Amino acid sequence: MNLFERGKAVIPGGVNSPVRAFGSVHTDPIFIDHAKGPYLYSNEGQQYIDMVNSWGPMILGHGREDLLSLVPRYLEEGMSFGLPTEVEVEMAEFLTEAIGTDMIRMVNSGTEATMSAIRLARGYTQRKKIIKFEGCYHGHSDGLLVSSGSGTLTFKQPTSLGVPEEIISQTLVARYNDLEDVRRLFAEHPQDIAAVILEPIAGNMGVVPASVEFIQGLRALTQEEGALLIFDEVITGFRCHFGSVKEDFGVEPDLFCFGKIIGGGLPVGAFAGKREIMSLLSPLGGVYQAGTLSGNPLAMKMGLDVLHILKEQPEIYRELNRKADVLVEGFEDNIRATGIPAKVTRFKTMVCLFFGEFDEIKSYDDVRQADTELFEAYYREMLGAHILLPPSQFEALFLSHAHSDAILEYVIEQNKKALEKIRA
Ligand SMILES: *Cc1c(COP(=O)(O)O)cnc(C)c1O
């Protein structure tokens, strides 16, 4: 019996996270045995160029010797104590400085980070409702599973079973990049909205950058209305460049959520923000939040090692940006040359190739025009060329430092072949 069959007998869908089932591209999932540099090696002995990179965390590529050599020592020092450690303090010092904020708390996933940030915002403002944006994904806690991103877009089920209406009724949904829509919700629910949460660059409906006016408008509006502004930077944090994308907008949010890259491949999340707000967290204040494995020493050490490399070698982000330039230019040339209906969206190192006819791509309404059948055909062609793309139209490409120029050249060449093939 193959692995997928064995998995399906004991794991719902055979996978521990739905996108891994490759359902939207109608292929069987590829089980990964191991990885090195830019390559994944499947259990069937195939080599693939990895454009998933664990959805972000493997920004440096797989299996770097300098990082691997540290692991035995870390393991010897102890894997978990459930008691405070120096490395947690170091991580908190490092991240608060990198983000430019006061306090941070570590959790184990992005889902926990957003869930806890929202509880904190509600505790701080003593209000109930929150605003999120259609097409933004913030993990799978009940109140945030409304019009969320890739998973639900892909599976065409806008909300999940098992989420009570009473909880969803506290979540208001606005159109991304549409400040008037947010203004309308504040007017309809005066003194009732605790927070506005968003991905400052949407990365779970493909890549859809927010405009500077939109983010600055949200900052002014939330301030006027006494609501908090929460940046969910689980994807954007330490990916677009070192630290937060707040610099790109000239805006200071009240709370930040992080995950993915900051764990260096181990399970990590964090939420951070102003002292006045963060001080409301237990044990200092009345907002409860906890975690047996939060601040896990192994995850803190690996995460910090990756973060130190990213800080001390700014050329890594310059290179990633240059590689994104090369990729975007290559894809756009190929789109022109083949006349295929497609559009590339991009913010710094986040890139997405959308299939379909678009005037603009600014919100979920635009994104839902995407031609997922063309994407599926494209996906299969690229897979045939041993390039493993995220198996959904509504995901960003994940570049890593290990992608060489030769690999990018190959990806662009195969992209052209694939576009030619699927146009025919
Ligand atoms: C991945 C993601 C999450 C959820 O993080 P998990 O670690 O998968 O729980 C939340 N927000 C955004 C923007 C994400 O991309």
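**Close-up views of a predicted model**

**View 1. The lining of the second largest pocket.** Eleven nonpolar residues, 10 polar residues and 2 charged residues make up the lining of the second largest pocket. The structure shown in this view and in those that follow is a predicted model. The volume of the second largest pocket is about 440 Å³. Of the 23 residues that line the second largest pocket, Pro-84, Glu-88, Gly-291, Ser-294 and Gly-295 lie nearest its centre. Helix 4, residues 86-99, supplies at least two residues of this lining, and strand 4, residues 103-107, likewise supplies at least two.

**View 2. Thr-96 in helix 4.** Thr-96 is a residue of helix 4, the helix that also supplies at least two residues of the lining of the second largest pocket. The relative accessible area of Thr-96 is 12%. Because buried means under 20% relative accessible area, Thr-96 counts as buried. A polar atom of the Thr-96 side chain lies 3.2 Å from the backbone oxygen of Glu-93.

**View 3. The surroundings of the ligand.** A nitrogen atom of the ligand lies 2.7 Å from an N or O atom in the side chain of Asp-232. For Asn-204, an N or O atom of the side chain is 3.1 Å from an oxygen atom of the ligand.

**View 4. Helix 5, residues 110-125.** Helix 5 has 16 residues and spans 22 Å from its first C-alpha to its last, close to the 22 Å expected at 1.5 Å a residue. Gln-126 follows helix 5 and has a positive phi, near 55°.

**View 5. Helix 12, residues 297-312.** Helix 12 is formed by 16 residues and reaches 22 Å from its first C-alpha to its last, which is close to the 22 Å expected at 1.5 Å a residue. Helix 12 is mostly covered, with 13 of its 16 residues buried. At the start of helix 12, a side-chain oxygen of Asn-296 comes to within 3.1 Å of the backbone nitrogen of Leu-298. The loop between helix 11, residues 275-278, and helix 12 contains Pro-283. The peptide bond that joins Ser-282 to Pro-283 is cis, with omega near 10°.

**View 6. Positive phi at Gln-191 and at His-386.** Most residues other than glycine have a negative phi, and most peptide bonds are trans. Gln-191 is not a glycine, yet its phi is positive, about 60°. Gln-191 lies in the loop that runs between helix 8, residues 179-188, and strand 7, residues 193-198. With 59% relative accessibility, Gln-191 counts as exposed. His-386, also a residue other than glycine, has a positive phi near 65°. The loop between helix 15, residues 372-384, and strand 15, residues 387-388, holds His-386. His-386 is partly exposed, its relative accessible area being 30%.

**View 7. The largest cavity and its lining.** Rolling a probe the size of a water molecule over the atoms shows where empty space is left. The structure holds 1 cavity of 30 Å³ or more, and the largest cavity has about 110 Å³ of space. Its lining consists of Cys-352, Leu-353, Phe-355, Phe-375, Tyr-378, Leu-389, Pro-390, Ser-392, Gln-393, Glu-395, Ala-396 and Leu-397. By class, 9 of these lining residues are nonpolar, 2 are polar and 1 is charged. Strand 14, residues 350-355, and helix 15 each supply at least two residues of this lining. Strand 14 gives the most, with 3 residues.

**View 8. Gln-47 in strand 3.** Gln-47 belongs to strand 3, residues 47-50. At 36% relative accessibility, Gln-47 counts as partly exposed. Gln-47 and His-34 are 13 residues apart in sequence, and their C-alpha atoms are 9.9 Å apart in space.

Note on methods:
Residues are numbered from 1 along each chain as its sequence is written. This is a predicted model: local features need pLDDT of at least 70, side-chain atom pairs count only at pLDDT 80 or more; totals for chains, interfaces and linings use all residues. Side-chain values use heavy atoms; hydrogens and water are left out. On a 1 Å grid over the protein atoms alone, a cavity is a set of points where a 1.4 Å probe fits but cannot get out, and a pocket is an open set with protein on both sides within 12 Å along at least five of seven lines; lining residues have an atom within 4 Å of a point. Grid points are joined across faces, edges and corners, and a volume is the space filled by probe spheres set on the points. Helices (H or I, at least four residues) and strands (E, at least two) are DSSP runs, numbered from the N terminus. Ala, Val, Leu, Ile, Met, Phe, Trp, Tyr, Cys and Pro count as nonpolar, Asp, Glu, Lys and Arg as charged, and the others, Gly among them, as polar. The expected span of a helix is 1.5 Å times one less than its number of residues. Buried means under 20% relative accessible area, exposed over 50%, partly exposed in between (1.4 Å probe, protein chains only). A polar contact is a pair of N or O atoms within 3.5 Å; within protein, one must be able to donate a hydrogen and the other to accept it, and residues adjacent in sequence count only if both atoms are side-chain atoms. A residue is near a molecule or strand if one of its heavy atoms lies within 4 Å of it.
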